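Hi everyone, thanks for coming. Let's look at one protein together and walk through its sheet and one of its pockets. Here it is on the screen.

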Amino acid sequence: MQPLRGELAWVTGASRGIGRACALALARAGARVVLSARSVEDLQAAAEAIRAEGGEAYVFPLDLLDRAAIEACARRIEAEVGPVSIVVNNAGLALSAPFHRTTYEDLERMLALNFVAPFWVVRSVLPGMLERRHGRIVNVASTAGRTGHRYTAGYTASKHALVGMTRALAVEVAAKGITVNAVCPGWTETDLLEGAVENIVRTTGRSTEEARAQLARMNPMGRLMRPEEVARAVVFLADPAAGGITGQLLGVDGGEVLA
Ligand SMILES: NC(=O)c1ccc[n+]([C@@H]2O[C@H](COP(=O)([O-])OP(=O)(O)OC[C@H]3O[C@@H](n4cnc5c(N)ncnc54)[C@H](OP(=O)(O)O)[C@@H]3O)[C@@H](O)[C@H]2O)c1
C-alpha cells in the first residue's frame with residue numbers, strides 16, 4: 001500500500017542517518033522525494049537507493065545555514081519537480097559542553113541549523129501549501145525538545161524552539177489543511193551519536209563500548225533507537241490518515257522522557 005502516492009516530500013539532512021531513513025521510508029510509502037544536505041555524493045547514493053527500489057528521488061544540495069539558498073532551493077524544487085506537500089525538517093547538529101564552556105559560535109550554529117533553518121524551510125513552502133490547502137510538516141526534534149539533560153543547554157534550547165514553532169504554527173494553519181508535528185527521538189544509531197560517544201570517550205576516558213552502553217542505559221528499553229524507527233513515525237505523521245493530528249510530539253525514545 002502506498003498512501004503517499006501523489007505527494008512530493010522534501011527531506012533535509014537526507015544524506016545520512018535519520019534523514020536518509022526518512023527519505024527511503026517516504027519513497028516506499030509512495031511519495032516522490034527531494035533530498036537536501038551538503039554532501040552531494042551521499043545524497044546521490046541515497047537517491048540511487050530509492051530509485052533501485054522503484055521510487056522517485058531528486059537531489060537538491062543545500063547548505064541550510066544560508067537562508068537565501070533555502071528560498072532559492074524551494075523555488076527551484078517547485079519549478080523543476082513540483083509543489084512540495086510534505087516537509088521533513090530533519091537536518092540538525094548536537095554539540096555538548098558544560099554550560100560555562102559553551103562557545104557563542106557553537107550556540108549560534110545549533111540555533112541556526114536546528115531552529116532557524118526549519119523556520120525558513122517552512123516559510124519558503126508554506127504559501128504554496130496554504131494556496132492548495134494541503135500540507136504536512138514534520139519536524140525532527142529530540143527528547144531534548146521535551147526535557148533537559150546536562151551539558152546540552154544550547155542543543156536543548158534549539159530543540160525547544162523547534163517544538164515551540166511546531167505548536168504555534170500548528171494552531172495557525174489548523175483550519176487550512178496543513179498539519180505540523182514533531183518527532184522526538186531518543187539516542188539513535190547515527191553519526192551524530194558517534195560524535196556524542198567520542199565526546200564521552202575524550203572527556204571521561206571511558207572506552208567506546210562503555211560510552212555507547214552509557215547512552216543506551218538512558219533508555220528504559222536499554223538500547224539505542226534505529227533510524228528506521230524514527231522514519232516510521234515521520235511517515236505516519238505524513239499520512240493522509242493522520243490528518244487529525246497536529247501540534248503533537250511523537251516520541252521514538254523507548255519511554256526515555258517518562259523515566
Ligand atoms: N542521532 C540521535 O541520537 C538523535 C537523537 C535525537 C534527535 N536527533 C535529531 O535527528 C536529526 C538527524 O540526526 P542524525 O542523528 O541523523 O544526524 P547525522 O547523522 O549527523 O546527520 C545530520 C544530517 O544533517 C545534515 N546537515 C548538517 N549540517 C547541514 C547544513 N549546514 N546544511 C544542510 N544539511 C546539513 C547532514 O548532511 P551534510 O553533512 O551532508 O550536510 C546530515 O544529512 C537531527 O535534527 C538531530 O538533532 C538525533
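Strands here are DSSP runs of E with at least two residues, helices are runs of H or I with at least four, and both are numbered from the N terminus. Please keep in mind that this is a predicted model, where local features need pLDDT of at least 70 and side-chain atom pairs count only at pLDDT 80 or more, while totals for chains, interfaces and linings use all residues. Residues are numbered from 1 along each chain as its sequence is written, and side-chain values use heavy atoms, leaving out hydrogens and water.

Let's begin with strand 1, residues 8-12. It runs parallel to strand 2, and five bridges join the two. How does the chain get from strand 1 to strand 2? It passes through helix 1, residues 17-28, in a right-handed β-α-β crossover. Right-handed means that, with the strands pointing away from the viewer, the path from the first strand over the helix to the second runs clockwise.

Strand 2, residues 32-36, is mostly covered, with four of its five residues buried, meaning under 20% relative accessible area with a 1.4 Å probe, protein chains only. On to strand 3, residues 57-59: three bridges pair it with strand 2, again in the parallel sense. Val33 has Ala57 as its bridge partner there. The chain takes helix 2, residues 40-52, from strand 2 to strand 3, and this crossover is right-handed too.

Strand 1 also pairs with strand 4, residues 86-89, in parallel over three bridges, and Trp10 has Val87 as its bridge partner in strand 4.

Last stop: the second largest pocket. A pocket is an open set of points on a 1 Å grid over the protein atoms alone, where a 1.4 Å probe fits, with protein on both sides within 12 Å along at least five of seven lines; lining residues have an atom within 4 Å of a point. This one is lined by 14 residues, and Ala25, Arg28, Ala231, Arg232 and Val235 lie nearest its centre. Helix 1 gives the most to this lining, with six residues.

Note on methods: Buried means under 20% relative accessible area, exposed over 50%, partly exposed in between (1.4 Å probe, protein chains only). Two strands pair if DSSP finds at least two bridges between them.
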